[in-house]
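Hello,

Here is the structure I promised to pass on. Please open it first, then read my notes below.

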Amino acid sequence: MCDSRVQDHYAKAGSGDRIAARILAAFRATEGDAAPVTPETLAPFDHYHGGGLASTKAMASVLQPQAGDTIVDIGSGIGGPARWIARQFGCAVTGVDLTPEFCDAARELNGLSGLADRVEILQGSALALPLSAAVFDRAYSQYVVMNIADKLGVYREAFRVLKPGGRLVLCHVNAGPNGLPVFPLPWAAGPEHSFLATDEETRRDLVDSGFEVVSFRDTTQDLNSAAAMRNKLEKEGMPTVGSHVLAGEHYLQMLINVLQATERGQIRTVEIVAKKGSPASMSKPI
């Protein structure tokens with residue numbers, strides 16, 4: 001999927017009022033005017049990916065950030081995970097996202113939550129990160145590369161910006177064995193904009209980019225019953241609180257389609273931990 005089409009797809013979520021203003025209005029409506037704006041209180045609204053804060057916590061448990069680490073979030077959206085990780089672990093996080101509207105919202109929410117000095121947001125492509133080589137201790141990407149055909153290019157960029165020994169954690173939607181899902185989906189309006197890799201392709205591209213694959217786990221089973229969740233959404237619609245405040249009215253059908261595709265074995269979620277070797281190990285003959 002070319003950069004302009006990715007931007008167009010996600011920019012629709014930013015149409016109308018400013019994203020940060022919409023999120024803050026929903027936050028105040030549920031939490032009250034006196035509630036502090038923090039990564040924790042914003043979490044129901046600003047983790048714009050499947051699983052919300054729970055998914056970010058699960059990802060962080062394998063990322064294993066340490067105080068003082070430098071971390072890059074590839075496809076950072078409106079910055080919820082970056083803010084939460086920076087606050088929880090005492091890290092400096094740099095988020096890179098393609099969509100200008102998301103970057104603007106992330107910067108505003110960083111300032112409001114008092115984290116502008118620890119979370120930097122840059123507008124740019126995962127295929128050409130606007131970052132220097134070998135400067136980050138860790139990197140992660142949550143549910144981003146489904147938009148991108150050149151996944152090898154994404155992994156090569158992650159490899160480039162990590163220090164030797166650096167850890168990469170990926171949370172992906174991958175292709176299942178049972179054909180194409182029904183569209184629209186959160187990452188694509190139609191099949192021409194969706195690029196789901198198989199597990200074998202993902203492993204191959206990571207190794208070809210230079211990474212050692214430390215673990216590769218199917219996390220589909222970590223979801224609560226997809227059928228039960230889908231039935232609830234179909235009967236009751238979206239809950240009052242959630243990231244759909246950002247995504248808009250079409251998000252309900254997208255979520256129903258994702259859950260249906262999970263039930264049918266058309267998509268699956270995976271969690272991958274990869275490592276960039278040290279200079280000594282990288283120079284050894286294979």
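Which residues have the most contacts inside the largest nonpolar core? They are Ile85, Val93, Tyr140 and Trp187, and this core has 30 residues. A nonpolar core is a set of buried Ala, Val, Leu, Ile, Met, Phe, Trp, Tyr and Cys residues joined through side-chain atoms within 4.5 Å. Buried means under 20% relative accessible area, exposed over 50%, and partly exposed in between (1.4 Å probe, protein chains only).

A second, separate core has 25 residues, including Phe159 and Leu206.

A word on the source. This is a predicted model: local features need pLDDT of at least 70, side-chain atom pairs count only at pLDDT 80 or more, and totals for chains, interfaces and linings use all residues. Residues are numbered from 1 along each chain as its sequence is written, and side-chain values use heavy atoms, leaving out hydrogens and water.

Back to Val93. Its contacts (heavy atoms within 4.5 Å) include Ile71, Ile85 and Tyr140, not counting residues up to four places away in sequence.

Next, Thr269. This residue counts as buried because its relative accessibility is 13%. Among the residues that Thr269 touches are Tyr143, His172 and Thr219, again not counting residues up to four places away in sequence.

Now the backbone. The peptide bond from Phe183 to Pro184 is cis, with omega near 10°. Gln64 is not a glycine, yet has a positive phi of about 55°. Gln64 is partly exposed, at 38% relative accessible area. Ala134 also has a positive phi, near 55°. Ala134 is partly exposed, at 37%.

Best wishes
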